[in-house]
Amino acid sequence: MRVPMIAGNWKMNTTVSEAIELVNELRRGLDEIDNVDKVICPPFVSLATVRELIRGSSIKLGAQNIYFEAKGAYTGEISPLMLADLCEFVIIGHSERRQYFNETGEMINKKVQAALRAGLKPILCIGERLEENEAGRTEEVITEQLRSSLAGIEHLSGLVIAYEPVWAIGTGRAATGKQANKTISFIRRIISQKYGKEIAQDLRILYGGSVTADNAAEFMRQLEIDGALVGGASLKANEFLSIVKQTSEIKQVT
Ligand code: PGA
């Protein structure tokens, strides 16, 4: 049985005081739901403060990025060792990092390896761009992204995959539940070929891209989809709570 997971990627939003306000709005409602892993990923500068605010609750913490070296002269970067002290999860390979910060498959692979070495659970993001989708190349792109990001990795140890079609991120144009379910089932097949059936069955694979309180149920009803990585809607406490609640209800019966 895979425990469903809803992760909120706050991206480059919220000052420290806004983060405190948002966590205070979320805390009680999220804590009441116990059959879903609830993860919030605020900006680096708020991690320590948020960690204190959620202490004693069932809310989990994640970061949005990581550097692959342990320490040294890498001005401005944050290492796995620093994060391992603060949080449990880390988003790696988000399409915005690939697109705006030129992260390559090789870098993402190093980041995944470094995170796992430090005991962090990567939320590895993969997904095709619009032109790739329209050219019918989704499966080819995903196969290559999985090959490069997981190269040399023998144990997935808590890793989570988020399937996020780039054309659906921040656009208000979500995939359909069926489309996402089909691609996620394909991802599970690739993982099964590389790591075996059992590992693939245990691996959590989320959908991400314009998930809202209005469309969340459509995704959660799909058997292959184990939850969501939520961007914009994770900044509104009511909306995020509603997504988590709907997930809890739907996954309890399916
Ligand atoms: P969105 O972002 O929900 O705002 O589309 C999702 C993501 O980038 O993870």
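**A guided look at this predicted model**

Gly105 lies in helix α5, which spans residues 105-117. The structure is a predicted model.

User: How far apart in space are Gly105 and Ile142, C-alpha to C-alpha?
Analyst: Let's start with the sequence, where Gly105 and Ile142 are 37 residues apart. In space, their C-alpha atoms are separated by 12 Å.

User: Which residues does Gly105 touch, not counting residues up to four places away in sequence?
Analyst: Here we set aside the residues up to four places away in the chain. With those left out, Gly105 touches Ser148 and Ser149.

User: Is Asn65 buried or exposed?
Analyst: Asn65 sits in the loop between β3 (59-63) and α3 (80-84). Buried means under 20% relative accessible area. The relative accessible area of Asn65 is 9%, so Asn65 is buried.

User: Which side chain does a polar contact of 2.8 Å join to that of Asn65?
Analyst: Leaving aside neighbours within four places in sequence, Asn65 is in contact with several residues, including Phe44, Leu83, Arg97, Glu103 and Lys111. The polar contact of 2.8 Å joins the side chain of Asn65 to that of Lys111.

User: Which Phe is Ile40 in contact with, leaving aside its neighbours within four places in sequence?
Analyst: The contacts of Ile40 include Gly8, Trp10, Val23, Leu26 and Val50. Further along the chain, they also include Ile54, Leu61 and Phe240.

User: What part of the ligand's accessible area does the protein cover?
Analyst: An oxygen atom of the ligand is 2.6 Å from an N or O atom in the side chain of His94. Backbone N or O atoms also lie by ligand oxygen atoms, at 2.6 Å for Gly170 and 2.7 Å for Ser210. Of the 280 Å² of accessible area that the ligand has on its own, the protein covers 95%.

User: How many charged residues are in the shell around the ligand?
Analyst: In total, 13 residues surround the ligand, and the closest are Lys11, His94, Glu164, Gly170 and Ser210. Sorted by class, the shell has 4 nonpolar and 7 polar residues, and the number of charged ones is 2.

Definitions and conventions. Residues are numbered from 1 along each chain as its sequence is written. This is a predicted model: local features need pLDDT of at least 70, side-chain atom pairs count only at pLDDT 80 or more; totals for chains, interfaces and linings use all residues. Side-chain values use heavy atoms; hydrogens and water are left out. Contact means heavy atoms within 4.5 Å. A residue is near a molecule or strand if one of its heavy atoms lies within 4 Å of it. A polar contact is a pair of N or O atoms within 3.5 Å; within protein, one must be able to donate a hydrogen and the other to accept it, and residues adjacent in sequence count only if both atoms are side-chain atoms. Accessible areas come from the Shrake-Rupley method with a 1.4 Å probe; for residues, only the protein chains shown count as cover. Ala, Val, Leu, Ile, Met, Phe, Trp, Tyr, Cys and Pro count as nonpolar, Asp, Glu, Lys and Arg as charged, and the others, Gly among them, as polar. Helices (H or I, at least four residues) and strands (E, at least two) are DSSP runs, numbered from the N terminus. Buried means under 20% relative accessible area, exposed over 50%, partly exposed in between (1.4 Å probe, protein chains only).
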